[in-house]
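This briefing goes through one protein chain, from its overall form to single residues. Please keep the sequence and the model open while reading.

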Amino acid sequence: MSRPTVRVLTLLELLQSGGVRTVAELADRLGVDGRTVRRYVDQLNDLDVPVEAVRGRYGGYRLAPGYRLPPLMLSDDEALAVLLGLVAGRRGGLTTADTANETAAAKIRRVLPERLAHRLDTVLESLAFTASPGRFAIPDAEVLLTVADAVRHRRPLSIRYTDRDGRRSERPLHAYGIVAHSGRWYVTGTDPEIGDDRTFRLDRIAAARTLPGSFEAPAGLDPAQRVLSGFATAEYRYAVTLRIHGTVDQIRARLPAGVASVEETAPTARVDPGTERWLRVELRVETLDWLPPVLASLDRPFVIERPDELRNLVIALADRLASCARQA
């Protein structure tokens with residue numbers, strides 16, 4: 001490969017790193033003068049790589065969005081990062097098509113130099129995971145992009161949704177954020193017609209379209225925390241209320257924010273977060289049988305306020321453990 005061609009490809013790699021690059025900076029990195037840099041930019045434009053000039057005191061050149069993806073220049077570390085990201089995304093459910101990750105990875109690996117491709121294959125073939133890959137419901141890419149655009153520009157949405165009981169409806173939504181949790185995508189916001197906070201699974205949204213107008217999101221809103229709090233207070237069969245003596249961290253180790261809410265039983269002005277005290281824990285669950293072992297694993301004093309069924313299950317577990325312990 002001729003030296004000028006190498007410099008043109010190096011210029012492309014520099015521009016792909018983002019931001020505006022001054023002519024002086026590019027000339028220094030390429031070892032040429034400013035006039036040659038401009039000639040290299042013209043060569044990239046002739047190849048339909050969209051490089052645009054930025055005028056002004058801090059002007060220079062930057063890579064503009066184009067009608068097609070320009071050739072990608074990836075270092076060894078960047079290629080490994082992309083492929084590992086695709087593998088992790090597929091296993092974690094963060095994808096929008098069954099084959100998108102595989103085809104994207106195949107395209108990248110097909111154009112890699114043989115030496116680098118062999119090294120990356122070695123990493124991927126030797127990589128093992130402690131958890132088996134999950135099977136996740138995948139959201140529609142167009143729905144995801146439409147919702148994301150509405151979140152960013154604070155535009156109202158109309159969505160066609162199917163709930164967990166199979167009921168279909170069309171409803172308005174002021175979407176505040178998109179949250180990825182446990183292999184699923186969620187959008188959280190407010191139904192403007194009734195003023196209720198709502199969280200929807202993206203894979204259950206069949207279609208989404210933006211509506212005229214705009215809205216303001218609540219100040220200080222944390223979409224991820226809102227989704228977790230929604231899980232902890234969802235309408236399930238049993239409403240459980242406990243009082244546990246310990247720290248928030250001790251309780252959260254077994255009952256995370258997506259499962260239970262934790263609050264002071266008697267709030268005080270200033271309490272060290274590491275101080276053990278009585279905390280009220282509330283959660284909604286469909287079944288109770290998993291809770292007694294969790295409470296036992298906390299190894300903290302606790303009181304069951306409701307329901308009585310849970311109290312009976314804890315007593316039964318304690319009797320079984322005592323019986324096993326007495327056996328020779």
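In which loop is Arg-154 found? Arg-154 is in the loop between H7 and strand E3 (157–162), where helices (H or I, at least four residues) and strands (E, at least two) are DSSP runs numbered from the N terminus. The model is a predicted one, in which local features need pLDDT of at least 70 and side-chain atom pairs count only at pLDDT 80 or more, while totals for chains, interfaces and linings use all residues. Residues are numbered from 1 along each chain as its sequence is written, and side-chain values use heavy atoms, with hydrogens and water left out.

**Overall form**

- The protein has 11 helices and 11 strands.
- Its radius of gyration is 28 Å, well over the 20 Å that the globule rule gives for 328 residues, so the protein is more spread out than a compact globule. The radius is taken over C-alpha atoms, and the globule rule is 2.2 Å times the number of residues to the power 0.38.
- Taken along the principal axes, the C-alpha atoms fill a box of roughly 85 × 60 × 45 Å.
- Of the 328 residues, 32% count as buried; buried means under 20% relative accessible area, exposed over 50%, and partly exposed in between (1.4 Å probe, protein chains only).
- The accessible surface comes to about 20200 Å², and carbon and sulfur atoms hold 51% of it. Accessible areas come from the Shrake-Rupley method with a 1.4 Å probe; for residues, only the protein chains shown count as cover.
- Among contacts (heavy atoms within 4.5 Å) between residues at least 6 apart in sequence, 62% join residues at least 24 apart.

**The largest pocket**

- The largest pocket has a volume of about 910 Å³. On a 1 Å grid over the protein atoms alone, a pocket is an open set of points where a 1.4 Å probe fits, with protein on both sides within 12 Å along at least five of seven lines; lining residues have an atom within 4 Å of a point. Grid points are joined across faces, edges and corners, and the volume is the space filled by probe spheres set on the points.
- Of the 25 residues that line this pocket, Arg-164, Thr-199, Phe-231, Ala-234 and Tyr-236 are the closest to its centre.
- Strand E4 (168–181), strand E5 (184–191), strand E6 (196–201) and helix H8 (223–232) are the elements that give two or more residues to the lining. The largest share, five residues, comes from E6.
- By class, the lining has seven nonpolar, six polar and 12 charged residues. Ala, Val, Leu, Ile, Met, Phe, Trp, Tyr, Cys and Pro count as nonpolar, Asp, Glu, Lys and Arg as charged, and the others, Gly among them, as polar.

**Backbone features in loops**

- Arg-154 has a positive phi of about 55° although it is not a glycine, and at 27% relative accessibility it counts as partly exposed.
- Asp-299 is a residue other than glycine with a positive phi, near 55°. Asp-299 sits in the loop between helix H10 (291–298) and E11 and, at 63% relative accessibility, counts as exposed.
- A cis peptide bond, with omega about 0°, joins Arg-306 and Pro-307. Pro-307 lies in the loop between strand E11 (302–306) and helix H11 (308–326).

**Loop residues on either side of H7**

- Ala-137 is in the loop between helix H6 (114–126) and helix H7 (141–153), and is partly exposed at 28% relative accessibility.
- Not counting residues up to four places away in sequence, Ala-137 touches Arg-201 and Asp-203.
- Arg-155 is found in the loop between H7 and E3, and is partly exposed with a relative accessible area of 29%.
- Leaving aside neighbours within four places in sequence, the contacts of Arg-155 are Ala-150, Thr-210, Leu-211, Pro-212, Gly-213 and Phe-215.

- Val-37, in helix H3 (residues 34–46), is buried with a relative accessible area of 0%.
- Beyond neighbours within four places in sequence, Val-37 is in contact with residues including Leu-11, Val-23, Leu-26 and Tyr-61.
- Leu-145, in helix H7, is exposed with a relative accessible area of 56%.
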